[in-house]
Amino acid sequence: MLHHPHPEEPRRLRLSGAALAALLSLPLGSAFAASPAPVEGRKGMVVTAHHLASDVGLDILKAGGNAVDAAVAVGYALAVVYPTAGNLGGGGFMTIRLADGSSTFLDFRERAPLVSTKDMYLDETGEPAPGRSTEGWLAVGTPGSVMGLEEAREKYGSLSREALLAPAVKLAREGFTLNAADLAMIEEVDSYLQRDPAAKAIFFRAGGEPFAPGDKLIQTDLADTLQAISEGGAEAFYQGPIADKIVAGSRAGGGILTSADFKNYAVRELEPVRCDYRGYEIVSSPPPSSGGVIICEILNVLEGYPLSYFGQGSAETTRLMVEAMRHAFVDRNANLGDPDFVENPLERMLDKGYAAEIRGRIDPYRAGVSSDLTPPDFTAAPAESPETTHYSIVDEAGNAVAVTYTLNGSFGAGVVAPGTGILMNNEMDDFTVKPGVPNLYGLVQGEANAVEPGKSPLSSMSPTIVSKDGELFMVIGSPGGSRIITITLQAILNVVEFGMNIQEAVDAPRIHHQWLPDRVFMEPYALSPDTRRILVGMGYDVREDANWPIWGEAAGILVGGRSLAEIEAGDGTGYFGAIDSRASAGAARGY
Ligand code: DON
């Protein structure tokens, strides 16, 4: 967020950061650029997109829970207080790095219903039927969040299920006070939610009027559902009355979910993707996410250039990032898919030699052309809003957890299963609805990501943990659809290459390229006018894009200092948390 001086502010009070620091005789290390200072914690840190969920996570840590316990409690709490993305009716990923340095990954993403078919989103003429993969019950994949959180708790948590669900049950049953940030999320999808009677009954006043600041959002059905999970675990969700109600809601609404989808649902514990970037070990999401693979492919390419010398936001750094993104995204869109269904060429995509080959193909003087990279068997037409959430947690022992989970679009498919209080996802749109046709995020994808029964759609979610010399260094991730990958990448580079502290790193304006459409998207102020002119002169199509939700809401933690310089100089204690200034309801909480 950029702060402009108030127009009436007396001129003499407009001091530069450096002048102000001198005036207050602060050491220069305490002066921050455009961002507030990161939040400090000695023993633990919880960073989420909703302040009430951050409070829940912190309480669990203080009560002796570990980072996984806190992550589970936060996952349930966000389903209550952050309905735009927090969920029981969606899915996601959890990257865990334990204090002993070992790491693992839980995949609890949605799976395609067992009776789904490759062409289910096309009309009689073979074209995508508008809205079919994004709105209503046909867009819904079998949800994984509850089983994911339960498996995390059973395998890596230490507190009881009841203890971890209690805060969410309370928030749903007793309600919580809505503030302007909460209301803005509902308002954005107002007419969408009004269409579904069960959703309307929850997110609007009894007469259908919008809530006002200070109103309480009470979710009794959701409280009952959470209580049932608290008592009966994942089984209560997947095999009992809850699944029955969701299946009934789906049938009534023209969906195809059956009880077999719920009975067959299983979480996958997978090896995370790992790569080394100049001595930093990146641990991130493997397929069915493209996130970790593509972050690593881009980093492998960029490792060959002195980015810190070229500088953040320079034309040289920007064009190298754009070219690395272009090459990595075409690999993503053409090759990757659910690992149980397709052979993912990870070895090649993660190979340093392959990255060197890509560097060799980058023209130093002219913009690359995406259509030149189109794979021979790939149908691609040029292309052209949404919600997911990421949270990062570290505990006193040094266990770290990064979770990104989602309903896909904001409030998902916009439907609630009657009697459950559960908002359902529209994750099916992440599949290739038709090769060559862009999805909600403009991604043009191929056959590897076609709909098949029981398959997960390819994701971009990238819960990432970075270590250095065997020590935990950074926990990071973001929502933002296909931009999750480049948001997470830029947050890492901002810290390790450009010297930003963790708050500056998640706040700094960003750029994005995803092969197709062949455009460099820039957030306002990401590039100076003359930088932009240099890039345009090289042939880049640079577009300013102020569509803020799509630029994500990163949540990061740095260990042992606010910035790399502090870590390298410092005593190595403490956690420094930062919620993206774009996340108006979020908070970093440390203790
Ligand atoms: O899994 C994915 O890649 C998408 N469903 C994520 C959606 C998302 O980040 C929406 N948030 N802005």
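This is a predicted model: local features need pLDDT of at least 70, side-chain atom pairs count only at pLDDT 80 or more; totals for chains, interfaces and linings use all residues.
**Stop 1**

Keep Trp515 selected and display the backbone around it. Trp515 belongs to the loop between strand 16 and strand 17. Its phi is near 70°, a positive value in a residue other than glycine. Now extend the selection to Leu516 and Pro517, which are joined by a cis peptide bond with omega of about -5°. Pro517 is in the loop that runs between strand 16 (511-512) and strand 17 (520-522).

**Stop 2**

Go next to Pro287 and Pro288. The peptide bond from Pro287 to Pro288 is cis, and its omega is near 20°. Pro288 is placed in the loop between strand 9 (280-284) and helix 12.

**Stop 1: the disulfide**

How many disulfides does a search of the whole structure find? It finds one. Show the side chains of Cys275 and Cys296, which this disulfide joins with an S to S distance of 2.1 Å. Cys275 sits in strand 8 (residues 273-277) and Cys296 in helix 12 (residues 291-302), so the bond ties together parts that are 21 residues apart in sequence. The torsion about the S-S bond of Cys275 and Cys296 is about -80°, and the disulfide is therefore left-handed. Cys275 and Cys296 are both buried.

**Stop 4**

Switch to a cartoon view and select the strands in the order 7-4-3-11-10-2-21. These seven strands form an open sheet with antiparallel pairing. At the edges are strand 7 (268-270) and strand 21 (587-590), each of which pairs on one side only. Neighbouring strands of the sheet are turned by 10° against each other on average, direction ignored.

**Stop 2: helix 4**

Now bring up helix 4, which lies across strand 3 (91-97), strand 4 (103-108), strand 7, strand 10 and strand 11. Helix 4 runs at about 155° to strand 4.

Does the length of helix 4 (residues 145-156) agree with or depart from what 1.5 Å a residue would give? Its 12 residues should span 16 Å, and the end C-alpha atoms are 16 Å apart, which agrees. Colour helix 4 by accessibility: the helix is mostly covered, with nine of its 12 residues buried. The buried residues include Ser145, Met147, Leu149, Glu150, Glu151 and Arg153.

**Stop 6**

Select Phe411, in the loop between strand 11 and strand 12 (416-417). The phi of Phe411 is near 60°, a positive value in a residue other than glycine. Phe411 has a relative accessible area of 0% and is buried.

Then select Asn426, in the loop between strand 13 (422-423) and strand 14 (464-468). Asn426 is buried as well, with a relative accessible area of 2%. Which backbone oxygen does the side chain of Asn426 reach? It reaches that of Gly412, at 3.3 Å. Leaving aside neighbours within four places in sequence, the residues in contact with Asn426 include Ser133, Thr134, Ala139, Tyr192, Leu407 and Ala413.

**Stop 3: Val247**

Finish at Val247, which is found in helix 10 (residues 241-252). Val247 has 6% relative accessibility and counts as buried. Not counting residues up to four places away in sequence, Val247 touches Leu257, Thr258, Ser259 and Phe262.

Key
Residues are numbered from 1 along each chain as its sequence is written. Side-chain values use heavy atoms; hydrogens and water are left out. Helices (H or I, at least four residues) and strands (E, at least two) are DSSP runs, numbered from the N terminus. Buried means under 20% relative accessible area, exposed over 50%, partly exposed in between (1.4 Å probe, protein chains only). A polar contact is a pair of N or O atoms within 3.5 Å; within protein, one must be able to donate a hydrogen and the other to accept it, and residues adjacent in sequence count only if both atoms are side-chain atoms. Contact means heavy atoms within 4.5 Å. A disulfide is a pair of cysteine sulfur atoms within 2.5 Å. The expected span of a helix is 1.5 Å times one less than its number of residues. Two strands pair if DSSP finds at least two bridges between them. Axes are lines fitted to C-alpha atoms, for helices over the stretch in contact, and angles run from 0 to 180 degrees between N-to-C directions.
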